[in-house]
Amino acid sequence: MTIEIARPGDEPQAEAERTLPSGLPVLPLKDTVVFPDTLTPLAIGQERSIKLINDVLGGERMLAMVPSRDPEVDQPGPEELHEYGVAGTVARMIKVPDGTLRILVQGGPRVRVDDFVATDPYLVARIEEAPDIIEPSAELDALARNVQVTFSQIIEQVPYLPEELQVAVANLEDPVELGWMIAGALRIRTDEKQELLEERDLAKRLRRLLEILTRESELISLGTRIQSPIQSEMDQAQREYFLRQQLKAIQEELGEGDEQAAEANDLRERLEAADLPDEVRKAADRELQRFERLPPQAAEHGVIRTYLEWIVEIPWRESTPDHLDLKEARAQLDRDHYDIESVKDRILEFLAVRKLKPDARSSILCFVGPPGVGKTSLGHSIADAMGRRFERISVGGVRDESEIRGHRRTYIGALPGTIVRSLRDAGSNNPVLMIDEIDKMGADFRGDPSSAMLEVLDPEQNGTFRDHYMDLPLDLSNVFFICTANQLDPIPGPLRDRMETIELSGYTNEEKLEIAKRYLVPRQIERNGLPDGKVVFDDAALRAIAEGYTREAGVRNLERQIGSVCRKIARAYAEGAPRRKRVIRPKQVRELLGRPRFMDDPKRRTGEPGVATGLAWTPVGGDVLFIEATAYPGEGHLTITGQLGDVMKESAQAALSYLKANVWRWGGDVDEGWFRAHDIHVHVPAGAVPKDGPSAGITMATAMASLVTGTPMRSDTAMTGEITLTGQVLPIGGLKEKSLAAQRLGITRIIAPKPNEPDLEDFPPSLLEDVEFIFADSIDTVLGEALEGRGVT
């Protein structure tokens with residue numbers, strides 16, 4: 001630690017001799033105000049402030065100290081500082097081992113900042129002195145005396161003000177110095193201190209200081225009045241304790257039981273009535289004995305009572321019988337959900353195994369798909385089909401492992417985790433438990449909840465799951481766990497390995513139409529109180545809503561728009577319109593919902609050379625994107641915009657390299673020097689949305705080839721695939737979701753990688769009827785199919 005003290009001759013000059021330079025370094029202050037003629041310690045931690053102090057110590061040791069308007073700003077600039085501050089001199093400096101400084105500054109005159117002449121490496125400003133306005137009067141003398149008396153009274157009542165300060169204040173005759181000393185000693189808000197500093201009229205400043213002192217004195221008196229009853233209440237509590245002990249002894253002599261004994265007997269009866277495993281029963285008896293011995297005033301008394309109540313409420317051996325009628329289960333699933341045959345088959349397979357082998361372990365399924373495709377509602381249907389109770393927990397955003405495993409009982413307010421609480425709420429040990437949004441769990445210093453899930457979702461371990469709060473083995477092997485996620489990538493590999501993944505892709509337009517007719521329209525008519533049979537949506541209206549007012553893989557927004565139509569009709573009925581039958585057609589949809597929200601036209605977007613239609617996968621389903629390319633005189637450089645990731649940028653570079661290397665294959669239509677004489681700019685619209693991945697490679701190549709040859713791309717065609725430097729087209733993922741997005745936009749031809757051809761087996765028939773799939777293994781095939789009337793030799 002280094003201490004630097006002002007040298008002889010460097011002491012702050014007397015007020016009359018002090019001269020201020022026109023410019024001084026400015027030290028911003030946070031949550032503190034330095035007053036004139038006061039000695040104030042300051043802590044310096046920022047690099048630029050340390051640099052300022054070191055430079056000041058090497059010169060005249062003078063600086064200006066100006067408070068910051070917003071203490072949350074780390075490095076305030078000129079606009080974040082107040083107009084008034086104090087010029088001062090560094091009297092002492094201490095270097096702390098952690099690299100920071102501690103300085104003692106002698107406040108000088110109040111100054112006003114005119115303007116800043118430098119901001120780097122620290123602030124430097126032109127300043128001018130702002131002297132007080134003093135008009136001697138009897139009122140001024142009275143204000144100074146009242147301030148002095150009130151502050152002396154406060155010193156006698158608060159411990160943080162030393163008694164020596166009272167002597168120093170009593171000996172001050174100058175009202176200016178008196179005000180500054182008292183203002184610096186008080187613990188008041190920073191904005192009030194700054195208000196006192198900026199007030200130049202001495203009488204007004206003393207009057208404001210007297211108001212603050214009077215307020216502080218009243219608060220101190222109020223605190224004293226509050227403290228006295230609290231002490232009396234503590235004495236009363238001790239008296240009541242002794243009286244209760246005497247009452248307890250009298251009741252024992254009379255043979256009367258006390259409340260604690262009655263409470264213990266009630267817990268014992270409930271424990272005996274519960275069907276507890278042996279290990280749980282031993283732990284409960286042990287805790288009950290401790291409960292009986294503890295006085296009600298003990299801190300652990302309530303903790304043990306709550307713990308025993310949790311033991312009683314958990315369904316250790318209670319279960320509901322499974323409904324194993326496969327035909328009835330199939331009918332239930334068909335009533336609740338349209339299509340999704342793979343999910344229905346998997347549930348029926350589980351019931352079949354359960355029927356043949358009742359002690360078989362429950363499955364752990366994970367439904368993966370975009371929002372609105374029915375993942376969560378499937379859980380209700382599965383529980384109804386199996387005759388089990390249903391519970392749902394959401395782990396989206398959970399970052400604390402204790403949310404899953406619970407908190408240990410040593411913590412105040414500890415509770416079991418969500419797994420135990422959901423079993424308590426279900427009332428059985430074999431419910432259908434849905435863990436929603438499992439892909440959105442996080443991790444921080446409190447632990448990793450996904451690691452806690454490893455035990456919960458492992459059939460080899462969850463038979464003896466231990467919650468931190470209960471600290472007893474709980475059998476979860478009979479629970480039917482169903483997880484939901486929008487995407488698999490964020491789920492850790494070990495956790496993903498424990499689940500059987502079932503993908504739910506988006507719906508086709510025909511599937512949306514059927515879902516709307518069977519489920520969405522009847523539900524919204526009933527929810528909005530419309531008479532049955534009075535409102536009818538024809539197919540064209542539902543198709544207009546799905547295509548013009550929603551752009552999604554699921555049906556959530558479709559139901560929302562149908563509900564909006566129903567609410568407007570309900571309002572018309574409520575306002576007195578005749579309740580005749582209404583048939584909703586496209587014309588009525590436009591009148592009730594306004595203009596369509598989505599009107600993308602591939603023909604309009606791809607009418608010019610240099611534009612290609614691509615397909616992309618997102619966590620909320622597939623999407624169609626248009627990649628644009630343009631050229632201008634230059635030196636062969638490539639510019640890529642649209643907030644693209646590194647992989648997508650590399651795909652664009654690979655596509656351009658292939659085209660440059662194979663320009664001779666265009667049959668002389670393109671000059672081989674064209675690329676050297678032009679710069680190319682590739683842009684992917686919707687620049688606010690981050691994009692990445694290799695599947696846009698052939699789309700970028702097609703856009704640049706369309707630009708170079710002047711040939712527009714076919715408006716009915718979209719494509720997806722990764723490109724290599726040799727022109728090969730590599731497989732991609734999410735072809736089904738991308739194809740559904742293309743179908744929603746009216747695209748009838750899709751170019752995809754040849755290795756993805758087996759994916760068609762999982763596509764719905766309506767999609768295969770509406771869209772022609774062209775599979776390519778080289779970029780030559782892609783360009784020949786995509787560009788109108790042009791092929792590659």
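**Close-up 1. Leu222 in helix α6 of the predicted model.** Leu222 is located in helix α6, which covers residues 202-254. The structure shown is a predicted model. With a relative accessibility of 38%, Leu222 is classed as partly exposed. Together with Leu219 and Ile226, Leu222 makes up a nonpolar surface patch, and the accessible area of these residues together is about 270 Å².

Close-up 2. Helix α19, formed by residues 556-574, contains Glu559. The relative accessible area of Glu559 is 13%, so this residue counts as buried, the limit being under 20%. When residues up to four places away in sequence are not counted, Glu559 touches Leu520, Arg523, Gln524 and Arg527.

**Close-up 3. A patch of positive charge that includes Arg597.** On the surface, a positively charged patch is formed by Arg567, Lys568, Arg590, Arg595 and Arg597. Among them, Arg597 is situated in the loop that links α20 (586-593) and α21 (602-605). Arg597 has a relative accessibility of 48% and is therefore partly exposed.

**Close-up 4. Phe598 in the loop between α20 and α21.** Phe598 occupies the loop between α20 and α21. Its relative accessibility of 33% places Phe598 in the partly exposed class. Apart from neighbours within four places in sequence, Phe598 contacts Glu547, Gly548, Tyr549, Thr550 and Arg551. For one of these residues, Thr550, the C-alpha atom is 7.2 Å from that of Phe598, although the two residues are 48 residues apart along the chain.

Methods: Residues are numbered from 1 along each chain as its sequence is written. This is a predicted model: local features need pLDDT of at least 70, side-chain atom pairs count only at pLDDT 80 or more; totals for chains, interfaces and linings use all residues. Side-chain values use heavy atoms; hydrogens and water are left out. Helices (H or I, at least four residues) and strands (E, at least two) are DSSP runs, numbered from the N terminus. Buried means under 20% relative accessible area, exposed over 50%, partly exposed in between (1.4 Å probe, protein chains only). Contact means heavy atoms within 4.5 Å. Patches are made of residues with over 30% relative accessible area and no salt bridge: like charges are joined within 9 Å, nonpolar side chains (Val, Leu, Ile, Met, Phe, Trp, Tyr) within 5 Å. Accessible areas come from the Shrake-Rupley method with a 1.4 Å probe; for residues, only the protein chains shown count as cover. A salt bridge is a side-chain nitrogen of Lys or Arg within 4 Å of a carboxyl oxygen of Asp or Glu. Lys and Arg count as positive and Asp and Glu as negative; His and the chain ends are not counted. The place of a charge is taken as NZ of Lys, CZ of Arg, CG of Asp or CD of Glu.
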